[in-house]
Amino acid sequence: MRASAIELFSLSSLLSLQNTGGRERGIGILFDGNNFERLMGGLFVTIRISLLSAALSLPLGILFGMLMTRRNPLTKALSRIYLDFIRIMPQLVLLFLVYFGTARAFALSLSGELSAVIVFVLWGTAELGDLVRGALVSIPRIQYESAAALGLTPLQTAFFIIIPQTVRRLIPLAINLVTRMVKTSSLVVLIGVVEVLKTGQQIIDANRFRYPTAALPIYGVIFLLYFLVCWPISLFAGCLEKRWRD
Amino acid sequence: MDFSFIRRFAPMYFDAARLTLGIAALGILFSVLIGALCSVTEYYKLPILRRIASAYVELSRNTPLLVQLFFLYFGLPKLGIRMSSALCGVVGLSFLGGAYMTESFRAGLEAVEGVQREAALSLGLTPLQSMGYVIFPQALALSVPSLVANVIFLIKETSVFSAIALADLMYVAKDLIGLYYQTEEALFMLVLSYLVLLLPISILGTLLERRLRYAGFGD
Amino acid sequence: MTEDVLLSIRNLHKSYESGNAILRGIDLDVKRGEVLVLLGPSGCGKSTLLRCINGLERIDGGSIRLDGELISGNPRELPKIRQKLGMVFQSYELFPHMTVLENITLAPIRVQRKGRAEAEREARELLLRVNLSEKEKAYPRMLSGGQKQRVAIVRALAMHPEMMLFDEVTAALDPEMVREVLDVMMELSERGMTMLIVTHELAFARAVADRILFMDQGNIAESGEPEAFFTAPKTERARDFLGNFLFSSKKKGRE
């Protein structure tokens, strides 16, 4: 459905080339037809992937972080290997592993978008888990002991004593993780997801003759769009961090 | 797993890893230079340069490398600025890395006590000499852990170079999958290559960090 | 000896950005070879005065001259003028990434362009004088506080300064290490070094000073010979200040 619309679109631009025979300045392409809307639609795919992944990573990361503070040597070793592997591999390699690898290993063909969400959740869980672990171990032992001395159960200790102390430190870091996810989600174009870069490419290709210099404004605008999405989030995280430092 | 396939195509991975490392090395070198310059600019609060430096850092840190590369490789030629894909890789990586290195150096500089600068000045050193001999060496040592983290991050980021037609590791892996459908072998080699590249740096970083934290200068 | 004025301060004013005046019109002449001790309650401006002399603080009015050369408002010449002024800080401020010898020779080599061999020879002579010869290869973190402060003094002396400024140099030291640092300063004064010392060690001040300056609320409230100052202070404020250091035994009276 979508592909045919694109073909139609490129056809119409070809026709218009024949009709007018003119070449236009690149920047005009943004306001031609529904090009800008299409770019925003592409950006939305990117954001949808990152927000979904972030939302899923949050509970999983907290669980993983708590798991990592356990003293069981097997849990420790396994979680360490998982964390280090995810950290050392480029996200694009992980995307390839899931996207191409699962198809082969489990005879299971995942869509690019689903592969992306799986990878980002695996990655987000690891990163957030490590942040949670760091926050948890930074709380002095005596806090747990004094809670126990008051007769609080471990669950009560977690809810009333530990979590409120860690949350303030964690939230800015977790928000930063979201901007990292948005930025990293640009990679999904390389496993065939039609997002903002791909849409840009399509627009450029379709208007190759009418707007020969379209690549400059299109990629410039995409650059700007990413900045406009990520920058406010970074600023917000920075603000929270500053306010909660003491 | 088909080991004859692996043996046959291992040299391709080797070449690709060399290319990746070469571009990464150049990019990291420039990143460090840019980072040192920008952080010193911000440390001394130089009136206009400081604004430019912080705008650059924000712009670079809040956009993905892939988009930066697309702009450099596909966009800029329309302005008549044509760069080879290797050069684009170096420029893009330096643009991104410079911002991350700036942040690391800045944290290091902030951690050096201000009165150290005064002590250097009171010996008659010029501000530039104080920075060069006294403050920056200390800041550098303090930022080693985050510099190593940046190096690893930047080498990982090179994995998107295949998108601008550089024959890096991802490019080779994708090529082999497309040509021979030997997906498992191609991916196995890919993972192995990155492990070989990055694991030693990561371990080195952990060791350095431990040494700096527990010993400091003088061992 | 002629009455040769080395440092001359006229009507020096300095305020913090908040508007609080910290120095309110200081006039001071220091003669060559003279040892001055600045006393006064904390916040009276002693340390600020020292920092102004070394050009570490911007001043708001008046003038500071060393050897007739203007220090204040002369940023281009500051590195040159500072070579004539040795400053020692309360917190030592040795450079932690350099050995003791490197700390001492840095400025002679980089600022005065001396040869390394000559700079190191001089550094070793000075280290011998403060009994730290065996520490030349040590890093600052391996030294005790007293040793660090002696190295800091040597580092300043290596530039052959015409005058030394000491800013509460024993305040951060454990009590048993104070003496070794004060002995070095005493020896310096006997060799005729011009010195301006901020300290809370009253006994030392009395012994080392040619002249005591008592500062209060940004002014020099009293200036005179140490014996006269300690036995018969002229101002009420100085009497109160000295009184703070005395304790009267309370048990006797109760029993």
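## T166 in chain A

T166(A) sits in helix α7 of chain A, a helix that spans residues 154-184. The model described here is predicted. Is T166(A) buried or exposed? With a relative accessible area of 7%, T166(A) is buried, because that value falls under the 20% cut-off.

Which residues does T166(A) touch, once residues up to four places away in sequence are set aside? They are A135(A), L136(A) and I139(A).

## Chain A as a whole

The helix that holds T166(A) belongs to a chain with 9 helices and 0 strands. Read from the N terminus, the elements of chain A run α-α-α-α-α-α-α-α-α.

Chain A has 246 residues, and buried residues make up 44% of them. Its accessible surface comes to about 13000 Å². Carbon and sulfur atoms account for 67% of that surface. Among the contacts in chain A with a separation of 6 or more, 80% are between residues 24 or more positions apart.

## Cysteines

How many disulfides does the structure hold? Over all chains, the number is 0. One cysteine in chain A can be checked directly. The cysteine sulfur closest to that of C239(A) belongs to C230(A). These two sulfurs are 17 Å apart, which is too far for a bond, because a disulfide needs the sulfur atoms within 2.5 Å.

A cysteine of chain B can be described by its burial. C88(B) has a relative accessible area of 0%, so it counts as buried.

## How the chains meet

There are 2 pairs of chains in contact, and of these, chains A and B share the most contacts. Chain A and chain C do not touch. What distance separates the nearest C-alpha atoms of chain A and chain C? They are 24 Å apart.

## Chain C as a whole

Chain C contains 10 helices and 10 strands. Its radius of gyration is 19 Å, close to the 18 Å given by the globule rule for 255 residues, so chain C is as compact as a globular protein of that length. Along the principal axes, its C-alpha atoms fill a box of roughly 60 × 50 × 45 Å.

Of the 255 residues in chain C, 54% count as buried. The accessible surface of this chain is about 12200 Å², and 47% of it belongs to carbon and sulfur atoms. When contacts in chain C between residues at least 6 apart in sequence are considered, 65% of them join residues at least 24 apart. Chain C also carries 37 positive and 37 negative charges.

## A123 in chain C

One of the helices of chain C is α4, which covers residues 116-129 and includes A123(C). A123(C) has a relative accessible area of 1%, so this residue is buried.

Where are the contacts of A123(C), leaving aside neighbours within four places in sequence? A123(C) is in contact with L101(C), I104(C) and T105(C).

Terms used
Residues are numbered from 1 along each chain as its sequence is written. Chains are lettered from A and ligands numbered from 1 in the order in which they are written. This is a predicted model: local features need pLDDT of at least 70, side-chain atom pairs count only at pLDDT 80 or more; totals for chains, interfaces and linings use all residues. Side-chain values use heavy atoms; hydrogens and water are left out. Helices (H or I, at least four residues) and strands (E, at least two) are DSSP runs, numbered from the N terminus. The radius of gyration is taken over C-alpha atoms; the globule rule is 2.2 Å times the number of residues to the power 0.38. Buried means under 20% relative accessible area, exposed over 50%, partly exposed in between (1.4 Å probe, protein chains only). Contact means heavy atoms within 4.5 Å. Accessible areas come from the Shrake-Rupley method with a 1.4 Å probe; for residues, only the protein chains shown count as cover. Lys and Arg count as positive and Asp and Glu as negative; His and the chain ends are not counted. The place of a charge is taken as NZ of Lys, CZ of Arg, CG of Asp or CD of Glu.
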